[in-house]
Amino acid sequence: MRMPRIPRTTLAALAAVTAAAVLAGDLSAASPKERLREKQAQAARVLAQVHALDNRFEASVEAWNGARYELGVTRKQLTADRALLRDAERQRKLAGARLAARVRALYESADEPTTIGILLGSASLSDFLDRMNDANAVAAADHRLVSDTEAARDHFRRVAARTAATEKRRETALAQRERERASIGAMLSERKRLLASVQSDVVKLQAAEAARQARLAAEARARVAAARAEAVRRARAAAAARAAAERAREQAAQPATTTTAAPTTTAAPPTTTDALPTTTDAAPPAGPLPAGHPDAASIALRYLGVPYLWGGSTPAGFDCSGLVAYVYAQLGVALPHYAAAQYQLGVAVPQDQLQPGDLVFFDGLAHVAIYIGGGQVVHAPHTGDVVKISPISDWGNGYVGARRI
């Protein structure tokens, strides 16, 4: 008996999973993010196969139920047909016995009407004809009864034979449905075992990724805190330098006020001293770029794990520009919910001068993230993912530029 055919789509999916299993050894060299993506993709493929096999299995079970039902109906019909055949055979035997008894009686009993007896016992010709008709009618009735019962027996014999043949066909169909059901059930069980294994791997990888994200977040918070402390130190140093310059100007101005005998000699120090603020302001610790908003990095780290939501701009769900706008809104800065428009704001920042809180743009301005130091960003990646930390290197040549708001 031929095994049931498996659709090409199912075979293709099985081949894809097999290929993925063969390549699974290569995943050891992949990054945690790549391993998780591959396992999630494999789980999605296997789940699709499970759903397809579930549908086929349900259909095969119903077909098996139908075959079993039809066989049951046929067997009941066959039982009824055979009962009718037995009744017809019994009636045929009774009719035959009755006809045989009547024939024997004609030869053995003087009481049975004979033609001579009817003639001699008739009072008139009319009476004779009536008696003869009655005798012939009885004989014809006996013969018809025998003929009818034999025809009924033959009819029910044919009916029972047809029903028995139908029973054989339906037994064969039921056996085939049972094999199909068992085959699909076995494939379904195997796919479910594989799905459980893959999902287990996904859970482990997700846990590992969550732990990695937690470690990256802790490192990022430490970097942001250090950057904030450094910014405070530089601001204080700049304030101290400005105060020192102011004191120097005041001290240089005092001789000009108290001594009038040598104005030329006394006037020289202020000229030299006036250049100090310019020197100090021209080379601030943070360079010519504005300070920006390093606190944006700290705020963004609060939302790690929030699911991606297309058009989302709240902690219920974010898309990339929605996350940036929401974070900066908490700093009192209103940004448009549109990455390309955000790129028009602030000042450009060279990649080697990025500071926490800077906005980093990728993929032709189709994606934006918040820099957190260490070559990493916080961003809302795509549907099915969550707000997470990723290295800028993940985008390769997709890096566009950065802006400091």
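**Walking through the model**

A: Let's begin with helix H7. Eight of the ten residues of H7 are buried, so the rest of the structure largely encloses this helix. Keep in mind that this is a predicted model.

Q: Which residues in H7 are buried?
A: They are Cys-320, Ser-321, Gly-322, Leu-323, Val-324, Ala-325, Val-327 and Tyr-328.

Q: Ok, Val-327. What does Val-327 contact, leaving aside its neighbours within four places in sequence?
A: Val-327 touches Ala-296, Ile-299, Ala-300, Tyr-303 and Ile-370.

Q: How many residues does the largest nonpolar core have?
A: The largest nonpolar core has 30 residues. Val-327, Tyr-328, Leu-359 and Val-378 are those with the most contacts inside it.

Q: Which elements give two or more residues to this core?
A: Those are H4, H6, helix H7 (320–329), strand S4 (359–362) and strand S5 (367–373).

Q: And what does the second, separate core include?
A: That core has twelve residues, among them Leu-289, Val-349, Val-360 and Ala-369.

Q: Let's zoom out. How many helices and strands are there?
A: The chain has eight helices and eight strands.

Q: How much of the chain is buried?
A: Buried residues make up 32% of the 405 residues.

Q: What about the accessible surface?
A: The accessible surface of the chain is about 23600 Å². Carbon and sulfur atoms hold 58% of that.

Q: What share of the contacts with a separation of 6 or more comes from residues 24 or more positions apart?
A: Such residues account for 69% of those contacts.

Q: New topic: aromatics. How many aromatic pairs are there?
A: The count is six aromatic pairs. Take Tyr-303 and Phe-318: their ring centres are 5.6 Å apart and their planes are at 70°.

Q: Why is the pair of Tyr-303 and Phe-318 called edge-to-face?
A: The planes are at 70°, so the pair is edge-to-face. The cut-off for that label is over 60 degrees.

Q: Where do those two sit in the chain?
A: Tyr-303 is in the loop between helix H6 (295–301) and strand S1 (313–314). Phe-318 is in strand S2 (residues 317–318). They are 15 residues apart, and the pair links distant parts of the chain.

Q: Are Tyr-303 and Phe-318 buried or exposed?
A: Both Tyr-303 and Phe-318 are buried.

Q: What other aromatic pair does Phe-318 form?
A: Phe-318 also pairs with Tyr-326. This pair is tilted, with 5.4 Å centre to centre and 55° between the planes. Tyr-303, Phe-318 and Tyr-326 form one aromatic cluster.

Q: Which ring does the charged end of Arg-181 sit over?
A: The charged end of Arg-181 sits over the ring of Trp-64, 4.2 Å from its centre. Another case is Arg-403, which lies over the face of Tyr-343 at 5.5 Å from the ring centre.

Q: Switching to charges. How many salt bridges are there?
A: There are 17 salt bridges. One of them joins Arg-153 and Glu-89, with the closest N and O atoms 3.7 Å apart.

Q: Where do Arg-153 and Glu-89 lie?
A: Arg-153 lies in helix H4 (residues 125–258) and Glu-89 in helix H2 (residues 32–108). The pair therefore ties together parts that are 64 residues apart in sequence.

Q: Is Arg-153 buried or exposed?
A: Arg-153 has 15% relative accessibility, so Arg-153 counts as buried. The cut-off is under 20%.

Q: What about Glu-230 and Arg-233?
A: Their side chains meet in a salt bridge at 2.5 Å, N to O. Both lie in helix H4, three residues apart, about one turn of the helix. Glu-230 is partly exposed at 28% relative accessibility, and Arg-233 is partly exposed at 47%.

Q: What does Arg-234 form with Glu-230?
A: Arg-234 forms a salt bridge with Glu-230, with the closest N and O atoms 3.0 Å apart. Arg-234 and Glu-230 are four residues apart in helix H4, about one turn of the helix. Arg-234 is partly exposed, at 29% relative accessibility.

Q: Last one. Which residues do salt bridges that share partners join into one network?
A: Glu-89, Arg-92, Arg-153, Asp-154 and Arg-157 are joined into one network.

Definitions and conventions:
Residues numbered from 1 in each chain as written. Predicted model: local features only at pLDDT ≥ 70, side-chain atom pairs only at ≥ 80, totals over all residues. Heavy atoms only, no water. Buried < 20%, exposed > 50% of the residue type's maximum accessible area, 1.4 Å probe, protein only. Contact = heavy atoms within 4.5 Å. Areas by Shrake-Rupley, 256 points an atom, 1.4 Å probe, with all protein chains shown as cover. Phe/Tyr/Trp six-rings, centres within 6.5 Å; stacked < 30°, edge-to-face > 60°. Lys NZ or Arg CZ within 6 Å of the ring centre and 35° of its normal. Salt bridge = Lys/Arg side-chain N within 4 Å of Asp/Glu carboxyl O. Core = buried A, V, L, I, M, F, W, Y, C linked by side-chain atoms within 4.5 Å.
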